[in-house]
Amino acid sequence: MRRGETSTGAETQRTVEGDKKCFGMRTNNQSFLRGAPADFILLGVSDRPWLELPLFAVLLVSYVLATLGNIAIILLSRLDPQLHGPMYIFLSHLSFLELCYTTTTVPQMLVNMSSSRKTISYGGCTVQYAIFHWLGCTECIILAAMALDRYVAICEPLRYVLIMHRPLCQQLVAVAWLSGFGNSLVQVVLTVQLPFCGRQVLNNFFCEVPAMIKLSCADTAVNDATLAVLVAFFILVPLALILLSYGFIVRAVLRIQSSKGRHKAFGTCSSHLVVVSLFYLPAIYMYLQPPSSYSQEQGKFISLFYSIITPTLNPFIYTLRNKEVKGALRRLLARVWRLRGG
């Protein structure tokens, strides 16, 4: 009996050790398809059911307006010969990425708000935060390029065509897209390796890297540090260039003698300044705070603001405050009307 008990005990011990090894392997590989959760639950405003219907209506209207507005700017920049300048190259790319912004997140939010099953697949979640961070960093650099364009237009008007030539604009746009992709790739590689230990509930409207890090059950020091460094670089460096450009612009404008000239110069920059403020203020609050003080409850509403409200407002800001865009829009509508009449 004792020999049998000893044998049984040894087998049990080996089984436990084997289970521990298997569990360790599963934990280490949690983020891959075999060990990853099948889907995540996006809470949104599930804790406030009364808010779902009005928010659904706001999101639907905003999405339609953002889509139509950004498509209109892209078409105008392509079709109207007077909008082929450097500023409109950047503006068309800005509109395109904001169109992608909203399409990446809003349809999923609308589906979840109209259903009792508020889930997103693991793969869908990964694609969502990968594209979202790619577009966010790309926008930072494009806004800085637009500030450079305004600086050259106001401070070096005689050399504007020579400096801001089309190949340079295309190179700046390429740098923006490739840099954003590189940042997103690093974030995805680190985030997909995080274990979640069965946790599936994201207190957010869509998948974002900070929310994924918060959900993980592992030590996220490397993820936190990498996110902080990359986001600080992609937010603070372009922002510093924007502020520097506008510092030189203000100095140049104040030297203009006529008030009409000063007003015109500031008017060419006002739309860009408003867009920069709408983008950077929530981004700074969202990403440039210590991970320990990150509040998912506040963060999800800030994410909602810059993922739908900002892309909705930007086309109207540039259309209503820009005479060239308004003129191009009138010409396009007149052309369409003539085609219908003919």
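At 0% relative accessibility, Cys169 counts as buried, a class that stands for under 20% relative accessible area, with exposed meaning over 50% and partly exposed the range in between (1.4 Å probe, protein chains only). Cys155, by contrast, is partly exposed, with a relative accessible area of 22%. The model is a predicted one, in which local features need pLDDT of at least 70 and side-chain atom pairs count only at pLDDT 80 or more, while totals for chains, interfaces and linings use all residues. Residues are numbered from 1 along each chain as its sequence is written, and side-chain values use heavy atoms, with hydrogens and water left out.

For the chain as a whole, the secondary structure comes to eleven helices and three strands, where helices (H or I, at least four residues) and strands (E, at least two) are DSSP runs numbered from the N terminus. Along the sequence these elements follow the pattern α-β-α-α-β-α-α-α-β-α-α-α-α-α. Of the 342 residues in the protein chain, 45% are buried. The chain exposes about 18,000 Å², of which carbon and sulfur atoms supply 68%; accessible areas come from the Shrake-Rupley method with a 1.4 Å probe, and for residues only the protein chains shown count as cover. Among contacts (heavy atoms within 4.5 Å) between residues at least 6 apart in sequence, 79% join residues at least 24 apart.

Which cysteines are joined in disulfides? With a disulfide taken as a pair of cysteine sulfur atoms within 2.5 Å, the count comes to two. One of them joins Cys125 to Cys207, with an S to S distance of 2.0 Å, and the torsion about its S-S bond is about -120°, so this disulfide is left-handed. The pair links distant parts of the chain, since Cys125 belongs to helix H4 (residues 122-155) and Cys207 to the loop between strand E3 (201-202) and helix H7 (209-215), 82 residues apart. Both Cys125 and Cys207 are buried.

Another disulfide joins Cys197 to Cys217 (S to S 1.9 Å), and with 65° about the S-S bond this link is right-handed. Cys197 lies in the loop between helix H6 (166-191) and E3, and Cys217 in the loop between H7 and helix H8 (221-254), so the pair ties together parts that are 20 residues apart in sequence. Cys197 is exposed, at a relative accessible area of 51%, whereas Cys217 counts as partly exposed at 27%. When the bonded cysteines are counted along the chain, the disulfides follow the pattern 1-3, 2-4.

The strands come together in an open sheet of three, in the order E2-E1-E3 and with mixed pairing. Strand E2 (119-121) and E3 stand at the edges with a single partner strand each, so one side of each is left without a neighbour in the sheet. Two strands are taken to pair if DSSP finds at least two bridges between them, and E1 and E2 pair in the antiparallel sense over three bridges. Within this pairing, Asp39 stands opposite Ser121 in E2. Strand E1 (residues 39-42) also holds Ile41, which is partly exposed with a relative accessible area of 33%. Ile41 forms a nonpolar surface patch with Leu43 and Val201, and the three have about 200 Å² of accessible area together. Such patches are made of residues with over 30% relative accessible area and no salt bridge, with like charges joined within 9 Å and nonpolar side chains (Val, Leu, Ile, Met, Phe, Trp, Tyr) within 5 Å.

Side chains of opposite charge can pair when their charged atoms come close. The structure holds four salt bridges, each defined as a side-chain nitrogen of Lys or Arg within 4 Å of a carboxyl oxygen of Asp or Glu. Arg117 is exposed, with a relative accessible area of 56%, while Asp39 is buried at 18%.

The side chains of Arg150 and Asp149 also meet in a salt bridge (2.7 Å, N to O), and both of these residues are buried. Arg159, for its part, forms a salt bridge with Glu156, where the closest N and O atoms are 3.8 Å apart. Here Arg159 is partly exposed, with a relative accessible area of 43%, and Glu156 is partly exposed as well, at 27%.
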